[in-house]
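Dear colleague,

Please find the structure below.

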Amino acid sequence: MQALETTVLRISEIFFSLQGETSRIGLPTVFVRLTGCPLRCGYCDTAYAFSGGENLSIAEILRQVARHKTRYVTVTGGEPLAQKACLVLLTALCDAHYSVSLETSGALDLSQVDARVSKIMDIKTPGSGEVSKNNWRNLEYLTPQDEIKFVLCDEADYQWACELIGSKQLQPICPILFSPVYESLNPAQLASWILRDELPVRMQVQLHKLLWGEGPGR
């Protein structure tokens with residue numbers, strides 16, 4: 001317990017909301033958003049988390065999470081794995097019997113993430129401006145409890161993702177999510193492409209943005 005009191009993370013925000021994405025969509029969830037990210041995706045909706053925030057011990061983070069009755073916790077960013085102590089936080093949350101998911105860019109090493117954590121890993125498309133940052137070795141560390149997410153800017157991104165699913169043989173690894181960039185790619189258009197091509201993916205829209213729009217704490 002002493003290590004949890006002394007191990008510190010830079011935290012942008014901790015808030016309670018509905019999970020807006022992934023197979024956990026709609027579930028009341030505590031979000032722990034860590035400060036900092038080495039990527040600069042063109043569509044980023046959490047640029048406010050690149051800097052600022054406050055230093056909190058892992059013990060204090062656990063205390064704030066425990067204020068809510070839900071068993072679901074999502075650790076996100078920014079890029080949470082940019083802070084090495086994130087690994088300690090993930091394990092501490094699992095030890096506290098939470099159902100933990102990690103939202104990560106896919107650029108940083110996943111090999112040391114606690115096996116109990118559900119990893120939601122982005123694959124960055126050309127439209128993101130950060131396609132060169134994809135760490136393909138991370139595919140080796142994904143299991144059926146994890147999910148791969150493509151955030152798509154346009155039809156070129158869609159076609160690129162379709163080809164990658166085949167070339168990297170992604171379908172047997174874990175569920176695949178296709179998400180349109182908010183107010184950029186029409187969700188109905190993306191849905192029509194998926195149905196036309198009978199693609200084995202789950203389409204998602206960001207529920208929290210449909211309910212409350214963009215902004216911190218949602």
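In which strand is the place of Glu13? Glu13 belongs to strand 1 (residues 8–18); helices (H or I, at least four residues) and strands (E, at least two) are DSSP runs, numbered from the N terminus. This is a predicted model, in which local features need pLDDT of at least 70 and side-chain atom pairs count only at pLDDT 80 or more, while totals for chains, interfaces and linings use all residues. Residues are numbered from 1 along each chain as its sequence is written, and side-chain values use heavy atoms, with hydrogens and water left out.

Glu13 counts as buried because its relative accessibility is 13% (buried means under 20% relative accessible area, exposed over 50%, partly exposed in between; 1.4 Å probe, protein chains only). Its side chain makes polar contacts with the side chains of Arg33 (2.7 Å) and Tyr48 (2.6 Å). A polar contact is a pair of N or O atoms within 3.5 Å; within protein, one must be able to donate a hydrogen and the other to accept it, and residues adjacent in sequence count only if both atoms are side-chain atoms.

Helix 2 (residues 58–65) is largely enclosed by the rest of the structure, because six of its eight residues are buried, including Ile58 and Val65.

Yours sincerely
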